[in-house]
Amino acid sequence: MGLIHIELFATLDLVGQAPGGPDEDPLGFPFGGWQAPLLDKVSEAQVGAAYEGTDALLLGRRTYDIFAAHWPHQEGGEDDEIATLFNSVPKYVASRGGPDLAWAGSTLLGPDLAASVREIRDRHEHVKVVGSLNLVQTLLRERLFDRLDLWLHPVVLGVGKKVFDGGAVPANLTLLAPPAAGPKGTVYLRYGLADGTPSTGDMSAPDRGAGS
């Protein structure tokens, strides 16, 4: 069985909407492209390394449309490596509508999204979910992910779709690598889904901190 990796860029208030540009999600969201001024070579290298070994993409409809309009035209340019990867691997699209799947290697998932994702996980080793916040809510709700890569950026927007926006259920995660910070203040966190659900305790207990 393969691994499903969720790759997300978020603000400190965990807004993940439209990081890439003003036209990415223009309806009522005033901060499209908020990530662009915060990019640096460190975070770009982290993102590039995170995609190593990717053998499939799992995308929501909006993210798919953005990618399909962009990446097929980027081979041979500055982003040739990731463009070549994205263009060559299978793309699986979660959508209730009938998207134009002109991007080579694209497949529309069936109506039972959870079952379709489980089939993809059995078929591939490293499946990447990029953006696709509506899809992410389903994956969180169904615990259908294995890794969560989160880049936190030093801005607060106060509006926009959140990373955990109605799909989260109680879950434990484990930090897979030490946090890494870039020169512009972006912090990279890599988590893995762990067993069980969060436990609770009493901070006022007499033996708090005594160890056992």
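Two residues are in contact here when heavy atoms of theirs lie within 4.5 Å. The structure is a predicted model, and in it Val42, a residue of helix 1, touches Ala181, Gly182 and Pro183, if residues up to four places away in sequence are not counted. With a relative accessible area of 36%, Val42 is partly exposed, and its C-alpha atom is separated by 20 Å from that of Ile6, which is 36 residues away along the chain.

Gln17 counts as buried because its relative accessibility is 8%, and the limit for a buried residue is under 20%. The side chain of Gln17 reaches the backbone nitrogen of Lys161 at 2.9 Å. Once the neighbours within four places in sequence are left aside, Gln17 is in contact with Asp25, Phe29, Trp34, Leu133, Gly160 and Lys161. Ala18 is buried too, with a relative accessible area of 5%, and its phi is near 45°, a positive value in a residue other than glycine.

**Strand 6 and its partners**

Strand 6 covers residues 147–153, and because six of its seven residues are buried, this strand is largely enclosed by the rest of the structure. Strand 6 pairs with strand 1 in the parallel sense over seven bridges, while its pairing with strand 9 (residues 187–194) is antiparallel and runs over six bridges. Trp151 of strand 6 takes part in both pairings, for it is the bridge partner of Phe9 and has Tyr188 as its bridge partner in strand 9.

**Strands 2, 3 and 4**

Strand 3 runs parallel to strand 2, to which it is joined by four bridges, and parallel to strand 4 (residues 106–108), to which it is joined by three bridges. Within these pairings Gly60 stands opposite Ala94 of strand 3, and Tyr92 stands opposite Thr107 of strand 4. In a regular strand the side chains alternate between the two faces of the sheet. Strand 3 has Lys91 and Val93 pointing one way and Tyr92 and Ala94 pointing the other way, and all of these residues are buried.

**Helix 5 and the residue after it**

Helix 5 spans residues 133–141, and its buried residues are Leu133, Leu135, Val136, Gln137, Leu139 and Leu140. These buried residues pack against strand 1, strand 2 (56–60), strand 3 (91–94), helix 4 (113–123) and strand 5 (126–130).

Just after helix 5 comes Arg143, which has its place in the loop between helix 5 and strand 6. Although Arg143 is not a glycine, it has a positive phi of about 55°. Arg143 counts as partly exposed, since its relative accessibility of 28% falls between the limits of 20% and 50%.

**The second largest pocket**

The second largest pocket has a volume of about 160 Å³. By class, nine of the lining residues are nonpolar, none is polar and one is charged.

**Thr174 in strand 7**

Thr174 is found in strand 7 (residues 172–175) and is partly exposed, with a relative accessible area of 37%. Although Thr174 and Gly192 are 18 residues apart in sequence, their C-alpha atoms are 5.2 Å apart in space. Apart from neighbours within four places in sequence, Thr174 is in contact with Arg190, Tyr191, Gly192 and Ala194.

**Accessibility of the single residues**

The table gathers the relative accessible areas of the residues described above.

| Residue | Relative accessible area | Class |
|---|---|---|
| Gln17 | 8% | buried |
| Ala18 | 5% | buried |
| Val42 | 36% | partly exposed |
| Arg143 | 28% | partly exposed |
| Thr174 | 37% | partly exposed |

Notes: Residues numbered from 1 in each chain as written. Predicted model: local features only at pLDDT ≥ 70, side-chain atom pairs only at ≥ 80, totals over all residues. Heavy atoms only, no water. Buried < 20%, exposed > 50% of the residue type's maximum accessible area, 1.4 Å probe, protein only. Polar contact = N/O pair within 3.5 Å; in protein donor to acceptor, adjacent residues only side chain to side chain. 1 Å grid on protein atoms, 1.4 Å probe; cavity = no way out; pocket = protein on both sides within 12 Å on 5 of 7 lines; lining within 4 Å. Points joined across faces, edges and corners; volume = space filled by probe spheres on them. Nonpolar A, V, L, I, M, F, W, Y, C, P; charged D, E, K, R; others polar. Helix = DSSP H or I, 4+ residues; strand = E, 2+ residues; numbered from the N terminus. Pairing = 2+ DSSP bridges.
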